[in-house]
Amino acid sequence: MENNLGNETVEETEQINREKLIKIWIGEKADEMYPKMQEKYSFNWCAFFFGFLYLAYRRMYLVAFLDFLLGIVIRKIGMRFVGILIMSIVLGFAFYPLYKWDIERKLNKGRDMYK
């Protein structure tokens, strides 16, 4: 099925619009962050060093809260340094897929609200 734009299909147009919405959500760093969200492996140093504070800064409140709770649990079971270091490394690598998931979850919620 084709639309008014000629060669572009409706699915391609929706994907382009979704990409624009994601970039708007990211903000000023969109040109830097969006390509990293598409890569298979990418590391975010801010997430590594600042953890749940950076997640909250990026408006990932659910993930920030879960990261905060996991940090408390790791401290309670006695794995202070090694546990936090491992958690920071995992968060550094998991940041971009988590960020993409969180943005898409919010976009889908907004789309469903206005259907």
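**Reading an all-helix model**

Modeller: Welcome! Of the 115 residues in this protein, 29% count as buried. Please keep in mind that we are looking at a predicted model.

Biologist: Thanks! How many helices and how many strands are there in the protein?

Modeller: There are 6 helices and 0 strands, and from the N terminus the order reads α-α-α-α-α-α. For contacts between residues at least 6 apart in sequence, 60% join residues at least 24 apart.

Biologist: Where does α6 bend, and by how much?

Modeller: Start with the ends of the helix. α6, residues 80-113, has 34 residues, yet its end C-alpha atoms are only 42 Å apart, while a straight helix would reach 50 Å at 1.5 Å a residue. The bend is about 50° and sits at A94, with the proline P97 following within four residues.

Biologist: Which residues of α6 are buried?

Modeller: Among them are G83, M87, L91, F95 and D102. Let's take L91 as our example. L91 is buried because its relative accessible area is 7%, and the cut-off for buried is under 20%.

Biologist: What is L91 in contact with, leaving aside its neighbours within four places in sequence?

Modeller: L91 contacts A47, G51, L55, D67 and L98. Take D67: it is 24 residues from L91 along the chain, but their C-alpha atoms are separated by 8.7 Å.

Biologist: And S42, is that residue buried or exposed?

Modeller: S42 is buried, at a relative accessible area of 11%. S42 is placed in the loop between α2 (30-38) and α3. Not counting residues up to four places away in sequence, S42 touches K36, G92, F93 and Y96.

Biologist: Now the surface. Which residues make the nonpolar surface patch?

Modeller: The patch covers about 1,200 Å², and its members include W45, F49, F65, F68, I72 and W101. Helices α3 (45-50), α4 (52-57) and α5 (61-76) each supply at least two of its residues. The largest share, 6 residues, comes from α5. F68 is found in α5 and counts as partly exposed, at 35% relative accessibility. For the whole protein, the accessible surface comes to about 8,400 Å², of which 64% belongs to carbon and sulfur atoms.

Biologist: How many salt bridges does the count come to?

Modeller: First, the idea: side chains of opposite charge can pair when their charged atoms come close. Here the count is 4 salt bridges. One of them joins E19 and K23, with the closest N and O atoms 3.4 Å apart.

Biologist: Why are E19 and K23 separated by about one helical turn?

Modeller: An α-helix has 3.6 residues a turn, so residues three or four places apart point the same way. E19 and K23 are 4 residues apart in helix α1 (residues 10-26), so about one turn separates them. E19 is partly exposed, at 28% relative accessible area, and K23 is partly exposed at 28% as well.

Biologist: Which residues are linked with D102 in a network of salt bridges?

Modeller: D102 is linked with R105 and K106. The D102 and R105 side chains meet at 2.7 Å, N to O. Both lie in α6, 3 residues apart, about one turn of the helix. D102 is buried, at 0% relative accessible area, whereas R105 is partly exposed at 33%.

Methods:
Residues are numbered from 1 along each chain as its sequence is written. This is a predicted model: local features need pLDDT of at least 70, side-chain atom pairs count only at pLDDT 80 or more; totals for chains, interfaces and linings use all residues. Side-chain values use heavy atoms; hydrogens and water are left out. The expected span of a helix is 1.5 Å times one less than its number of residues. The bend at a residue is the angle between axes fitted to the seven residues ending there and the seven starting there. Buried means under 20% relative accessible area, exposed over 50%, partly exposed in between (1.4 Å probe, protein chains only). Patches are made of residues with over 30% relative accessible area and no salt bridge: like charges are joined within 9 Å, nonpolar side chains (Val, Leu, Ile, Met, Phe, Trp, Tyr) within 5 Å. Accessible areas come from the Shrake-Rupley method with a 1.4 Å probe; for residues, only the protein chains shown count as cover. Contact means heavy atoms within 4.5 Å.
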